[in-house]
Amino acid sequence: MATRLKDTDVVIVGLGAVGGVAALPLTQAGLDVVGLEAGTWLTKRDFAPDELRNNYRGWPQASQKANQEIPTHRPNAASPLFPRLTIHPMMNGVGGTSLHYWAQSWRLNPWDFKVRSETSRRYGAARIPTGCTVEDWPFGYEELEPYYDKVEFEIGVCGAAGNVNGTIDRRGNIFEGARHREYPMPPLRGTGFTDLMAAAARTLGWHPFPGPAAVNSQRYQNRSACMYHGFCNRGGCHVDAKGSTAVTTIPKAVATGRLKVVTRAHVTSIDADANGRVAGVTYLVDGTEYVQPARVVLLGSYTYENTRLLLLSRSRAYPNGLSNNHGQVGRHYFSHNQTAGVSALFPWKTNSWYGLPAQGVAVDNWADDNFDHSNLDFIGGGNLWVYSDRRPISAASMSTFGKTDKLWGSEWKAFIKENADRTNTSYLQKTTLPYEDNYLDLDPMVKDPLGFSVCRITAEYKDNERKLGLFIQDKMEQWYRAAGAVAVERAPVGPMGPSTHAYGGTRMGDNAETNVVNRWGFSHEVQNLGIIGASVMGTSGARNPTLTAQALAWRTAEYVTKNFNSIAPRRT
Ligand SMILES: Cc1cc2nc3c(=O)[nH]c(=O)nc-3n(C[C@H](O)[C@H](O)[C@H](O)COP(=O)(O)OP(=O)(O)OC[C@H]3O[C@@H](n4cnc5c(N)ncnc54)[C@H](O)[C@@H]3O)c2cc1C
Ligand code: SF4
C-alpha cells in the first residue's frame, strides 16, 4: 500500500539540468516545490579525475537508474534491434547530467526557430526534405533571449559576445542573434593549439571565436575559477568551477526554504484523475511506494524518460499514455548528428594533456543558414569545434592514420608514444531534422528491473543529414590542412542510438494535432502538466541543447508562477 504524502504546489520529476533550473523561479515566487530525484547528492569527493570510472564504467555507482533502462534502438521498423549500449550517456544525481557534461552553453541561432518558413522563403518549399515534419517554433529567438540571459547569469556562462543589441563584435560569434548584454564572464583562455587553429581559420577567410561555457573563467558567485585540470569530460568538477545546477540554481532554491529535495526517488507514474488532470506522481524509494499529490507536475527527466513515463502512465482518460490522445508522444524524435567526425595528425605536439572540452575554438561560417544553400543539396549546417582535452585511455585508442597496421606490440607502442599528443579530433554538431518515421515508443520485449518497458528508438539519419555530414567533413579537413595536418581521417555517419542530445518526443507547438505541449511547455491535453527539457524542442541547430532547454524551463516555470491559479486545479 503506497504512502500518501502531504499535498504540494509543484512536483518536479528529475532535478537535473532543466529541473534544477525550473526550481529556482518557482520557489522564488513563493510556491512550495518537491523535487523528486532518482540520484543522490554528490560531493566534490565524488569527482575524481578517473577516466576509467567516469568514461568507461559509468557513474555514479551509488545510483545506476539510467544504466538499468538504456533505450534499445533500430534504424527502422523493419530492422532488428542493434546491440544495446553498455552504459547510458546520462546520469543520476542532484544536478543530473549537468554534473558531468562538457558545459558548452550555446544559444540557438534565430534561424533555428524558423527552419521551415525561412527555408521556404529563401529557397522554396521543395527544399524541405521528403518526410520531414519540422515546424517553425511557436515563437522566435527574441522571445527566448531574456531567458537565455537569466540562465547565463544564474549558472555562470563565460564567452565573448558577437552581437550586443545589433552591434557586431568580431571577438565573438558574428552570426549569433542579438543579445542584450555581454556574458557575465570573459571566455576561457585559449591554448597554443587552439590559437594556432584560430589563425589557420583566418587564413581561409573564416571567423574563429571562443565558444561559450558554463565554466567559471574567473571566480563567480563565490565559486572557484577553472584550473584547467581536465578529466571533466564525463566527470564532475572537484572545485565547483562548472556551473552544474547542483552548485548553482538548486542550492539557491533550497535556500528559499520552499524546495524539498527527495533523493533516490524513482518516479514510476504520473497519475491522472477522473477529470483528466494530473493529481500527482507515484514513486519508489528502495522498494517502498509513495504518492506525492501536487497541483502542478513538471516533468524533467530527460527526453527518453519523459517520453517513457508518459507512455507508461495510462489511465481511463489517457488509455494510450498521458497526454497522448493525439498520438504525438514519441513523435518528431531526433538526435543531433554528432557522428561523422574528422581527426587529424600533426607533425608536432599539440600539448593537449590539460584543459577541458569546453575550452576551444569554434567556426560558425558553415552553421545553420549562415551560408548560401542555393546550389547545395541539403539545408542546415554545422558548427566546427576544436578543443583541448586528452586522457590516457582515449589517447591510446587513437587511429594510426595508416602509418602502421599494427594495433598491438612494440611497433604500435612506438607509434602511440610519438603521436599520442600529435592528434586532434574535432567535434562537429550538425543540423538534424525530425522525420515521420523516426520516433520513440515502448520496447515490447526489453524491460527494466522493475518490469517496465524501456524506451525504444526507431530512427536513422536521412539524406539531408548524410549530405550535410560530408559537406562539414570537407570544411573540417580544409581547416586541419590549413593548420598543417599531415594526415586527416573521416568517420562514417553512425547509427542513431541513445544520445546526449536527444530532441522531440513531446514537441512544443501551437497545433495540438502535431505537438504535445503548447508554447508555454504545458500539455495541450492535461491542463496542469508541464514538460521541460530538449524533448520539447522541434529543431536542434548546430549547437548543444542544454542552455536552450534551461531557458525554456525557466520560461515554463515563470509561466506557472504567473498563472498558478488558472493552471492548478483548486484544492478540494
Ligand atoms: C558527456 C556529456 C557531455 C555533454 N556536454 C554537453 C555540453 O557541452 N553542452 C550541452 O549543452 N549539453 C551537453 N550534454 C547534454 C546535457 O547533459 C543534457 O542536455 C542535459 O543534461 C539535459 O538536461 P535534463 O535535465 O533534461 O536531463 P538530466 O540533466 O540528465 O537530468 C534528468 C534528471 O532526472 C532524473 N530522473 C530520470 N528519471 C527519473 C525518474 N523516473 N524519477 C526521478 N528522477 C528521474 C535523473 O536522475 C537526472 O538527474 C552532454 C551530455 C553528456 C552525457
Ligand atoms: S578543468 Fe575546470 S571545470 Fe574541469 S575539473 Fe578542472 S577546474 Fe573543474
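Modeller: Happy to! Let's start with Ala 103, which sits in the loop that runs from strand E4 (72-74) to helix H3 (115-123); helices (H or I, at least four residues) and strands (E, at least two) are DSSP runs numbered from the N terminus. Bear in mind that this is a predicted model, where local features need pLDDT of at least 70, side-chain atom pairs need 80 or more, and totals for chains, interfaces and linings take in all residues. Residues count from 1 along each chain as written, chains are lettered from A and ligands numbered from 1 in written order, and side-chain values rest on heavy atoms, without hydrogens or water.

Most residues other than glycine have a negative phi. Ala 103, however, has a positive phi of about 75° without being a glycine. With 1% relative accessibility, Ala 103 is buried (under 20% relative accessible area; exposed is over 50%, partly exposed in between; 1.4 Å probe, protein chains only).

Ala 340 also shows a positive phi, near 55°, and is likewise not a glycine. Its loop joins strand E12 (334-335) to strand E13 (342-345), and at 2% relative accessibility Ala 340 is buried.

H1 itself (residues 19-28) has 9 of its 10 residues buried, so the rest of the structure largely encloses it. Those buried residues are Gly 19, Gly 20, Val 21, Ala 22, Ala 23, Leu 24, Pro 25, Leu 26 and Thr 27.

Leu 26 brings us to the largest nonpolar core, which has 107 residues (buried Ala, Val, Leu, Ile, Met, Phe, Trp, Tyr and Cys joined through side-chain atoms within 4.5 Å). Leu 26 is one of the members that touch the most others, along with Val 10, Ile 12, Leu 36, Leu 188, Ile 270 and Leu 298. The element that gives the most to this core is helix H11 (residues 546-567), with 11 residues. A separate core of 26 residues lies apart from it, and Phe 193, Phe 346, Phe 378 and Trp 479 are among its members.

Thr 556 is part of H11 and is buried at 2% relative accessibility. Beyond its neighbours within four places in sequence, Thr 556 makes contact (heavy atoms within 4.5 Å) with Leu 298, Trp 520, Gly 521, Phe 522 and Ile 532.

Residues up to four places away in sequence aside, Ile 270 touches Val 278, Gly 280, Val 281, Val 297, Leu 299, Leu 309, Leu 310, Ser 313 and Leu 322. Leu 309 and Leu 310 are also on the list of buried residues in helix H7, together with Thr 303, Tyr 304, Glu 305, Asn 306, Thr 307, Arg 308 and Leu 311. With 9 of its 10 residues buried, H7 (residues 303-312) is therefore largely enclosed by the rest of the structure.

To finish, here is a lysine. Lys 462 is in the loop between strand E19 (453-458) and helix H10 (463-482), and its 16% relative accessibility counts as buried. Outside the four places on either side in sequence, Lys 462 contacts Tyr 435, Asp 437 and Asn 438. From Lys 462 to Asn 438 the separation is 24 residues in sequence and 9.8 Å in space, C-alpha to C-alpha.
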